[in-house]
Amino acid sequence: MMYRKILPLLFGALFFFSLSANAQKIAFVDVQEILENIVEYQEAQTELDRLANQWRQDIAKEYDQIKGMYNRYQAEQVLLSEDARKQREEEIMNKEKEVRDMQRERFGPEGQLFERRQQLVQPIQEKVYAAIESYANERGYDFIFDRSSDSGMIFSNPQYNKTEDILRRL
C-alpha cells in the first residue's frame, strides 16, 4: 500500500528533476541597435549612401541626355529621311539600354553597391556575431535571438535583452 504512494512520488520527482536539468537559457539582442552604435558601421553606411547618391545622380544625368535626344528627334523628325529616323531611333534605344545596363551593374542584386556593402559591412557583422557567440558560450546561453530581424518573436521579457552587454563587449 505504501509502495503505491511512494512510486508515483518518486516518478514525479525524477520527471521534475529531468525537466530542470535540461532547462535551456534563452536571450535576445537587437543586432540593428548594436550595429548602429558601432562607429565603423556608421561610417560604412555613410560611404554607401554617398556612393549610391552619386550613382543615382549619374544615371539621372544619362536619362536627361536621352530625353534631350528624344526631344531633338521629335522636333527634327519631319525633316529626316526614313533611314535617318531609324538611325536616330536606334541611337536613342541603344543609349537607353546602356543606361539600364549601368543601373543594373551598379544597383542590381550582384551589382557594385552590393559588393561594396559586402566589403564594408560584412566584417563588422562578423565581429558582432563573434561577440554574441562568445557571450553565449561564456554565460551558458543555448539560444540568442535577434530581435531586429523577422524571426517571429512576438513577446520577449526585457530581462533577457542582452543588447547592452554585447555593446559593452565591443
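Let me start with Asp-101, which is partly exposed, with a relative accessible area of 27%, where buried means under 20% relative accessible area, exposed over 50%, and partly exposed in between, with a 1.4 Å probe and protein chains only. Salt bridges that share partners join Asp-101 with Lys-97 and Arg-104 into one network, a salt bridge being a side-chain nitrogen of Lys or Arg within 4 Å of a carboxyl oxygen of Asp or Glu. Lys-97 is itself partly exposed, at 45%.

Before I go on, a word on the model. It is predicted, so local features need pLDDT of at least 70 and side-chain atom pairs count only at pLDDT 80 or more, while totals for chains, interfaces and linings use all residues. Residues are numbered from 1 along each chain as its sequence is written, and side-chain values use heavy atoms, with hydrogens and water left out.

As for the overall layout, the protein has 6 helices and 2 strands, and from the N terminus on they run α-β-α-α-α-α-β-α. Helices (H or I, at least four residues) and strands (E, at least two) are DSSP runs, numbered from the N terminus. Of the 170 residues, 23% count as buried.

Returning to salt bridges, the count comes to 9. Which residue does Lys-95 meet in a salt bridge? The partner is Glu-62, at 2.7 Å, N to O, and since Lys-95 lies in helix α4 and Glu-62 in helix α3, the pair ties together parts that are 33 residues apart in sequence. Lys-95 counts as buried, at 16% relative accessibility, and Glu-62 is buried too, with a relative accessible area of 19%. Leaving aside residues up to four places away in sequence, Lys-95 touches Glu-62, Gln-65, Ile-66 and Met-69, where contact means heavy atoms within 4.5 Å.

Another salt bridge joins the side chains of Glu-76 and Arg-88, at 2.6 Å, N to O; this pair links distant parts of the chain, with Glu-76 in helix α3 and Arg-88 in helix α4, 12 residues apart.

Now to the aromatic rings, of which a search of the whole structure finds 4 pairs. Rings of Phe, Tyr and Trp (its six-membered ring) pair if their centres lie within 6.5 Å, and planes under 30 degrees apart count as stacked, over 60 as edge-to-face and the rest as tilted. Trp-55 and Phe-107 form an edge-to-face pair, because their ring centres are 6.1 Å apart and their planes are at 85°. Trp-55 lies in helix α3 (residues 39-76) and Phe-107 in helix α4 (residues 82-107), so this pair ties together parts that are 52 residues apart in sequence. Trp-55 counts as buried, at 11% relative accessibility, whereas Phe-107 is partly exposed, at 29%.

The rings of Phe-143 and Phe-145, by contrast, are stacked, because their centres are 6.4 Å apart and their planes are at 15°. Phe-145 is found in strand β2 (residues 143-146), and Phe-145 is partly exposed, with a relative accessible area of 38%.

Finally, the charged end of Lys-25 sits over the ring of Tyr-141, 4.6 Å from its centre; for this, NZ of Lys or CZ of Arg must be within 6 Å of the ring centre and within 35 degrees of the ring normal.
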